[in-house]
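Subject: Handover of a structure

Dear colleague,

Please find below the structure that I am handing over to you. My findings follow directly after it.

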Amino acid sequence: GDSYLLKKGWLVIVIPSIIVALTAGISELEAYDQDHMCWFSKPVYYYSSLIAPLTIMLLFNITVLISVTRSLTSTSDIGLLRLARIIFTLSLLIGITWVFGAMLSFVDHVALQYVFAILVSLQGFMVFSANILVAPD
């Protein structure tokens with residue numbers, strides 16, 4: 001309910017603020033010194049402010065996905081097709097698609113950009129279908 005959001009909602013502001021503060025502190029605001037765009041000038045700033053938090057989030061999400069999968073397979077006799085569908089849905093919901101976003105940092109390929117854009121755009125639809133269309137009444 002509302003008390004849960006009030007208790008945990010502050011994390012939405014605090015965690016990104018910590019990342020921004022650490023990046024600004026490490027770089028002393030000289031990281032954004034490119035003339036043609038507002039982007040990091042040195043790789044260390046890029047990795048510390050973008051790739052490190054993304055990697056931490058992905059590791060956490062993969063851990064949750066493995067935990068849920070183990071729980072589903074140990075508590076019920078679930079079919080392989082249904083388990084695959086649940087894993088696919090959970091993967092989209094918890095952001096495994098951002099693995100492709102991380103790969104774009106290292107590989108500049110148009111096909112990978114399309115895969116990333118399509119998968120990320122499906123996240124909203126998957127949240128809708130998991131919570132509204134398929135949810136039991």
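Leu104 sits in the loop that connects α5 (98-103) with α6 (110-133). Please note that the model is a predicted one. With a relative accessibility of 23%, Leu104 counts as partly exposed, because the partly exposed class begins where the buried class, under 20%, ends. Setting aside residues up to four places away in sequence, Leu104 touches His109, Leu112, Gln113 and Phe116. As for Phe116, 12 residues separate it from Leu104 in sequence, and the C-alpha atoms of the pair are 8.6 Å apart in space.

The overall architecture may be stated briefly. The protein has 6 helices and 0 strands, and from the N terminus on its elements read α-α-α-α-α-α. Of its 137 residues, 21% count as buried. The accessible surface comes to about 10100 Å², and carbon and sulfur atoms account for 70% of that surface. Taking contacts between residues at least 6 apart in sequence, 41% join residues that are at least 24 apart.

The buried residues in α4 are Leu83, Thr89, Ser91 and Leu92. After α4 comes Gly95, which has a positive phi, near 95°.

Leu92, which is placed in helix α4, has a relative accessible area of 2% and is therefore buried. Which residues does Leu92 touch, not counting those up to four places away in sequence? They are Thr97, Leu119, Gln123 and Met126. Val120 is 28 residues from Leu92 in sequence, with a C-alpha to C-alpha separation of 7.7 Å.

Two residues of helix α3 (residues 43-75) were also examined, one of them being Thr69. Its relative accessible area is 18%, so Thr69 is classed as buried, given that the class requires a value under 20%. Leaving aside neighbours within four places in sequence, Thr69 is in contact with Leu83 and Ile87.

Is Asn61 buried or exposed? At a relative accessible area of 8%, Asn61 is buried. Not counting residues up to four places away in sequence, Asn61 touches Ile94, Gly95 and Ile96. Asn61 and Ile94 are 33 residues apart in sequence, while their C-alpha atoms lie 6.1 Å apart in space. The Gly95 in this set is the residue with positive phi that follows α4.

Finally, I draw your attention to the surface. Trp10, Leu11, Val12, Ile13, Val14, Ile15, Ile18 and Leu22 form a nonpolar patch there, and together they have about 760 Å² of accessible area. One of them, Leu11, is located in helix α2 (residues 11-27). Leu11 is partly exposed, with a relative accessible area of 32%, and it qualifies for the patch because membership requires over 30%.

Yours sincerely

How values were computed: Residues numbered from 1 in each chain as written. Predicted model: local features only at pLDDT ≥ 70, side-chain atom pairs only at ≥ 80, totals over all residues. Heavy atoms only, no water. Buried < 20%, exposed > 50% of the residue type's maximum accessible area, 1.4 Å probe, protein only. Helix = DSSP H or I, 4+ residues; strand = E, 2+ residues; numbered from the N terminus. Contact = heavy atoms within 4.5 Å. Patch = residues over 30% accessible without salt bridge, like charges linked within 9 Å, V, L, I, M, F, W, Y side chains within 5 Å. Areas by Shrake-Rupley, 256 points an atom, 1.4 Å probe, with all protein chains shown as cover. Salt bridge = Lys/Arg side-chain N within 4 Å of Asp/Glu carboxyl O.
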